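Dear colleague,

Please look through it before reading the notes that come after it.

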Amino acid sequence: MLSPANQRRATNWIWKAVHRVRVLRLHVVHEQEPSPLSDLHLVSQHLTKLHLDGVSVNDSILDFSGCPALVELTMEYCDVFVKHLLSPSLKRLRFASCDSSEYTRILISLPSLVSLDLIEWQRGRAPLLGSLPWLARAVVELGDDAADRCSKGRFDDCGAYICHGCRYYYHHHHGDPEYGPGYDRNDSIFLKGLSEATDLELSAESDVIVFNRDLKWCPTFTKLKTLLLNDWCLAADHNALIYFLQHSPVLEKLTFQLSKAPPNVMKTEGIYKPLGQSVASNCLKLVEIRCAEIDSRVYKILKTLTTYGISLEKINITSRISRSGCFSFVCTSLKLEV
């Protein structure tokens with residue numbers, strides 16, 4: 001942990017360095033908690049890449065408008081307690097093993113963003129994504145301690161203000177100064193911002209609600225070609241899986257990455273109501289199911305896929321049989337009723 005005096009020295013050093021360099025990496029060695037930096041309002045005509053490791057940023061707005069050449073920002077093992085991340089030029093954003101507030105969503109306003117990585121997004125709320133018209137790829141892994149969980153065991157917003165996991169959807173559209181930027185609880189928080197992507201990976205614990213609640217308002221993924229999902233998409237009778245099958249018209253490859261053991265989740269009605277049309281993308285060439293063993297989840301996935309127009313010949317199952325190897329096969333018949 002940096003002392004207040006060293007915080008000022010570190011900030012002053014960054015201020016001096018940033019005027020002259022194109023690539024800046026700040027790594028703070030810490031034992032338990034990230035070290036705070038104050039007043040991280042950088043101004044540079046030359047800085048193109050910024051990598052912060054082990055720092056804590058507590059500014060209300062993390063604004064990189066003063067760095068018009070900045071195209072890449074990486075934050076690893078950082079505390080990111082800000083209400084708004086702003087940059088007109090940023091093209092690649094990566095958060096890895098970062099913590100955020102359980103009360104405040106970070107509004108991400110990055111109109112030039114092409115690539116987004118939220119890897120092991122830890123304690124706190126999933127960000128509120130603004131319009132990302134140029135986004136091509138996103139990898140999202142919400143961590144085990146994500147705050148977006150319904151205390152009633154639902155996979156979407158339960159509608160109860162007393163629910164700690166859901167109540168922060170209820171602030172007025174114009175926002176509350178205590179909780180950060182406002183958003184309409186009758187609109188998407190996260191998935192709509194990813195709707196222009198070509199390649200998506202969405203992973204979370206099965207009881208994290210933010211993905212499922214967004215299905216009601218999420219538009220069609222008109223450009224999506226490759227999609228990876230984990231167990232969260234199997235909740236509520238495969239509600240999310242069905243959604244993506246029906247709203248990804250050019251999807252070419254679908255991958256399931258299943259956990260080692262089936263998650264213990266409550267059955268509940270899904271927030272998304274499947275369309276009458278039951279045909280998946282005509283472009284779909286391959287479905288891959290990766291699992292530790294062939295269990296009931298695999299059979300249920302196969303049944304859902306075939307129900308929605310995907311032939312078994314397009315489905316490849318890869319299962320690990322030992323520490324030293326795995327086997328892969330194509331299922332040619334489905335006899336087990338589930």
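The notes below begin with the chain as a whole and then turn to its aromatic rings.

Please bear in mind that this is a predicted model. The protein chain contains four helices and 19 strands. Of its 338 residues, 51% are buried. Among the contacts with a separation of 6 or more, 56% are between residues 24 or more positions apart. The protein chain has an accessible surface of about 15,800 Å², and carbon and sulfur atoms account for 52% of that surface.

Five aromatic pairs are present in the structure. One of them joins Phe211 and Trp232, whose ring centres are 4.8 Å from each other, with 50° between the planes; this pair is tilted. It connects distant parts of the chain, 21 residues apart: Phe211 belongs to helix H2 (residues 210-214), while Trp232 is in the loop between strand S15 (226-229) and helix H3 (235-246). Phe211 is buried, at a relative accessible area of 0%, and Trp232 is likewise buried, at 0%.

A further pair is formed by Phe221 and Phe244, and it counts as tilted because the planes stand at 50°, with the ring centres 5.3 Å apart. Here too, distant parts of the chain are linked: Phe221 is in the loop between H2 and S15, and Phe244 is in helix H3, 23 residues apart. Both Phe221 and Phe244 are buried.

Finally, Phe190 joins Phe211 and Trp232 in a cluster linked by ring pairs.

Yours sincerely

Notes
Residues are numbered from 1 along each chain as its sequence is written. This is a predicted model: local features need pLDDT of at least 70, side-chain atom pairs count only at pLDDT 80 or more; totals for chains, interfaces and linings use all residues. Side-chain values use heavy atoms; hydrogens and water are left out. Helices (H or I, at least four residues) and strands (E, at least two) are DSSP runs, numbered from the N terminus. Buried means under 20% relative accessible area, exposed over 50%, partly exposed in between (1.4 Å probe, protein chains only). Contact means heavy atoms within 4.5 Å. Accessible areas come from the Shrake-Rupley method with a 1.4 Å probe; for residues, only the protein chains shown count as cover. Rings of Phe, Tyr and Trp (its six-membered ring) pair if their centres lie within 6.5 Å; planes under 30 degrees apart count as stacked, over 60 as edge-to-face and the rest as tilted.
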